[in-house]
Every structure is written in C-alpha cells, then in structure tokens.
Amino acid sequence: MEAGTGIVAGLLTAAAFGCFWLARDAFRSESFVHTSDDADGRANGIVLAIVAFGLLALATAIALEAPDRHIAMGTLVATAVLCVGLGWLVRYRDRRDLLTTPDVDRKTARRLGAVAMACGVLVFALVPLVWLEVTAKTIALFAIGSSVVVLVAVAFAYR
C-alpha cells in the first residue's frame, strides 16, 4: 500500500470512529446534540451509524486496493439505496424526524420523500455509466444535470 493510500484509509477510519462516537452519544439522554425528543436523537444516531459503516467500508476497500471502478459502483449503489430508503421512510412512514428541516408539515414531508427517492434513482443511473467506463466528462455532466434537477425538485417540494 502506498503512503497516500494509507493516509486516506486512516482519515476515513478516523472519521468513521468520530461518527460512531456521535451516534453513541445521540442515544444517551444527556447528549450534547440537542433534539426535541428522544425519537429525534435515536434517528440521528442511526443515520450517523450508517454513515460510519459506509466510511469504514470505503476505508477497507481503499486499504485492500480494490479497483476504482468497483469502489465507485459500490458507493453509488449504496448511496442510491439509502436515498430511496430515506425517501420511503419520510414519504410512506411519516418519519419527518429524519428531515433536517424542523416542523415540516405532512404534505411537504411527502413531497420531500418523493424527491429523495427520485434522487436515489438518479444516482443509481450513474452505475451503468461507471460500469461501461464512460468518460469522466460525461459522468460529470450527468451528475451536474442530476444535481440541478434535484435542487429544483427540492425547491418545488418546499413551496
């Protein structure tokens, strides 16, 4: 393993353990993370734990020197699944506490959940582009275009 690769894997591991520490703290009643109730704290803790596991998986893949294409596809698939899952929870299970905006009404939350699911679908659309080794310029243009679409969709969801 090259020195730069080891440093990146180490930084990702440190960030993962930081997320684990914050997640553990979010489950305690005397948490320094101020939430309106214990359910919000648990939701924050779960999200932080998922992020920590993802960072550890990425650090492991980098340390084991997995091919870049496989790392990119794994990251994109995981991101797409998590976006769709988050959107589904917010839209269909009324888990408004997972949103970063406080006191969102049910109708707005349903629209935001739909946008999160659409974002996951757009991220998943990048997987075949990476698999087929399309040029980085094409992937970047698709990603930027998707970002603009999602940004406009979130703006309309808040209206």
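Biologist: In which helix does Thr108 lie, and is Thr108 buried or exposed?

Modeller: In this predicted model, Thr108 lies in helix H4. The relative accessible area of Thr108 is 8%.

Biologist: Leaving aside neighbours within four places in sequence, with which residues is Thr108 in contact?

Modeller: Helix H4 covers residues 106-124 and packs with helix H6, residues 136-158. Thr108 is among the H4 residues that meet H6. Once its neighbours within four places in sequence are set aside, Thr108 is in contact with Ala157 and Tyr158.

Biologist: How are H4 and H6 directed relative to each other?

Modeller: Two packed helices are described by the angle between their axes and the distance between the axes. For H4 and H6 the axes are 9 Å apart and the angle is about 170°. Angles over 145 degrees count as roughly antiparallel, and H4 and H6 are therefore roughly antiparallel.

Biologist: How do the residues of the contact of H4 with H6 divide into nonpolar, polar and charged?

Modeller: From H4 the contact includes Arg111, Leu112 and Val115, and from H6 it includes Phe142, Ser146 and Val149. The residues of this contact divide into twelve nonpolar, two polar and one charged.

Biologist: How many aromatic pairs are there, and what is the geometry of Phe17 and Phe20?

Modeller: The count comes to two aromatic pairs. Phe17 and Phe20 both lie in helix H1, residues 3-26, three residues apart, about one turn of the helix. Their rings are 6.2 Å centre to centre with 55° between the planes, and the pair is tilted.

Biologist: What kind of pair do the rings of Phe20 and Phe53 form?

Modeller: A pair of aromatic rings is described by the distance of the centres and the angle of the planes. The pair links distant parts of the chain, with Phe20 in helix H1 and Phe53 in helix H2, 33 residues apart. The ring centres of Phe20 and Phe53 are 5.1 Å apart and the planes are at 85°, so the pair is edge-to-face.

Biologist: Which residues form one aromatic cluster, and is Phe53 buried or exposed?

Modeller: Phe17, Phe20 and Phe53 form one aromatic cluster. Within it, Phe20 is partly exposed, at a relative accessible area of 23%. Phe53 has 56% relative accessibility and therefore counts as exposed.

Biologist: Over the face of which residue does Arg69 lie?

Modeller: A charge sits over a ring if CZ of Arg is within 6 Å of the ring centre and within 35 degrees of the ring normal. At 4.4 Å from the ring centre, Arg69 lies over the face of Trp131.

Terms used
Residues numbered from 1 in each chain as written. Predicted model: local features only at pLDDT ≥ 70, side-chain atom pairs only at ≥ 80, totals over all residues. Heavy atoms only, no water. Axes fitted to C-alpha atoms, helices over the stretch in contact; angles between N-to-C directions. Helix = DSSP H or I, 4+ residues; strand = E, 2+ residues; numbered from the N terminus. Parallel < 35°, antiparallel > 145°, perpendicular 65-115°, else oblique. Contact = heavy atoms within 4.5 Å. Nonpolar A, V, L, I, M, F, W, Y, C, P; charged D, E, K, R; others polar. Buried < 20%, exposed > 50% of the residue type's maximum accessible area, 1.4 Å probe, protein only. Phe/Tyr/Trp six-rings, centres within 6.5 Å; stacked < 30°, edge-to-face > 60°.
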